[in-house]
Amino acid sequence: MGRATLADIKGKDFSELAKETKTNTEDTNKVSNTNKNRSTTTTSDSSRKKIRRRPKKTTMPAAVVVSPVQRLFDTCKDVFALAGTGIVPTPDKIEQLRAVLDQIQPADVGLTPQMPFFSLPVTRRAPPITYQHIHECEKFSMGIFCLPPSGVLPLHNHPGMTVFSKLLFGTMHIKSYDWVVDVPSNASAVVAPSQMQHREVRLAKVKVDSDFTAPCSASILYPADGGNMHCFTAVTACAVLDVLGPPYSDPEGRHCTYYFDYPFTKLSVDGVTVAEEEKDKYAWLQEREEPEDLAVVGAPYTGPEIVEN
């Protein structure tokens, strides 16, 4: 009779198994008597042999893979641990976060240039901009702006904030300004040209006015310098990963303000002079309402999930 399988054993009751076991035992005794001498010799020989046991294999625990966006989140928690209006992280913390951002690729946050919101619509004058919210808390926020060709984020500010912007793909024109603080105190409110809707203008200096093409390093702006007021214009379809610390907050006085910018030569202000060759590096900024043609729509974030540990 052949060896019984587990399925065979489960299909028989206990009495049948006992009968079969008895028969098998009698047959086994007969064979055992016939081969008694051979068995004795074999047992004697094998008793001289030492039993060797194979060492047990140690299984190492699998390494935990941390996604790039999780690493970014964890780094932001560290860098912005003391975040507040006007509080800038230390230089080593700034470089720590920049290094993490510079390693992030579009696929790391679930983006491809083929997604529909990167296509230029034919039914709108101003193409809509898509925003993917990743995370926001009182210390920092993370999100992605997706711009189709010719999409524009108008000139706006970041009061009391430190902002990191990482261009994930595409080409974008960035123009940014910082306030000029050493102008006469009356110079920001004395000009009221008839073509302007409001009286107040303020002198600012151009910080950046260039095209950027990915891959490139993340840009950083600070509460008082680095280009705190900036405008993004998509030369091609592009995506920007933004990290703000702390985020906008109306209750805490961090409002998003939009601006018109006018060439320095367009206005004349008593007490304010700039060398002729420097005039193109300055402009007059004037507060405005949020542009009526600005369309920013939300879309679900499709990248790896963040674990808020």
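Asparagine 309 is exposed, with a relative accessible area of 63%. The model in which this residue is described is a predicted one. Asparagine 309 belongs to the segment that follows β12 (296–299). Leaving aside residues up to four places away in sequence, asparagine 309 touches Asp74 and Lys77.

## The chain as a whole

The protein chain has 309 residues, of which 38% count as buried. Its secondary structure consists of five helices and 12 strands. Among contacts between residues at least 6 apart in sequence, 82% join residues at least 24 apart.

## Helix α4

Helix α4 covers residues 68–79 and has 12 residues. From its first C-alpha to its last, α4 reaches 16 Å, close to the 16 Å expected at 1.5 Å a residue. The buried residues of α4 are Val69, Gln70, Leu72, Phe73, Thr75, Cys76 and Val79. Their cover includes one helix, α5 (91–102), and the strands β1 (129–136), β2 (141–147) and β9 (238–245).

| Residue | Relative accessibility | Class |
|---|---|---|
| Arginine 98 | 23% | partly exposed |
| Histidine 158 | 2% | buried |
| Serine 165 | 7% | buried |

Arginine 98 is placed in helix α5. Because its relative accessibility is 23%, arginine 98 counts as partly exposed. Not counting residues up to four places away in sequence, arginine 98 touches Phe164, Ala218 and Ile220. With alanine 218, a polar atom of the arginine 98 side chain lies 3.1 Å from the backbone oxygen. Arginine 98 is also 8.3 Å from serine 219, C-alpha to C-alpha, although 121 residues separate the two in sequence.

Histidine 158 lies in the loop between β3 and β4. Its relative accessibility is 2%, and histidine 158 therefore counts as buried. The side chain of histidine 158 forms a polar contact of 3.4 Å with the side chain of histidine 156. Beyond four places in sequence, the residues that histidine 158 touches are Val163, Leu221, Asn228, His230 and Tyr248.

Serine 165 is part of strand β4. A relative accessible area of 7% makes serine 165 buried. The side chains of serine 165 and aspartate 242 are joined by a polar contact of 2.7 Å. Apart from residues up to four places away in sequence, serine 165 touches Ala218, Ser219, His230, Phe232, Val240, Leu241 and Asp242.

## The largest cavity

Rolling a probe the size of a water molecule over the atoms shows where empty space is left. Across the whole structure, one cavity of 30 Å³ or more is found. The largest cavity has a volume of about 80 Å³. Serine 165 is among the residues that line this cavity. The rest of the lining is made up of Leu167, Met172, Ile174, Phe212, Cys216, Ser217, Ala218, Ser219, Phe232 and Val240. At least two lining residues come from β4 (162–169), and at least two from β5 (171–179). By class, the lining of the largest cavity has eight nonpolar and three polar residues, with no charged residues.

## The largest pocket

The largest pocket has a volume of about 530 Å³. Its lining comprises 23 residues, and those closest to its centre are Tyr131, Phe145, Leu244, Tyr248 and Cys256. Two or more lining residues are given by each of β1, β2, β3 (152–156), β8 (229–234) and β9. Strand β2 provides the largest share of the lining, with four residues. In terms of class, the pocket lining divides into 14 nonpolar, six polar and three charged residues.

Ala218, which lines the largest cavity, is touched by arginine 98 and by serine 165.

Note on methods:
Residues numbered from 1 in each chain as written. Predicted model: local features only at pLDDT ≥ 70, side-chain atom pairs only at ≥ 80, totals over all residues. Heavy atoms only, no water. Expected span 1.5 Å × (residues − 1). Buried < 20%, exposed > 50% of the residue type's maximum accessible area, 1.4 Å probe, protein only. Contact = heavy atoms within 4.5 Å. 1 Å grid on protein atoms, 1.4 Å probe; cavity = no way out; pocket = protein on both sides within 12 Å on 5 of 7 lines; lining within 4 Å. Points joined across faces, edges and corners; volume = space filled by probe spheres on them. Nonpolar A, V, L, I, M, F, W, Y, C, P; charged D, E, K, R; others polar. Polar contact = N/O pair within 3.5 Å; in protein donor to acceptor, adjacent residues only side chain to side chain.
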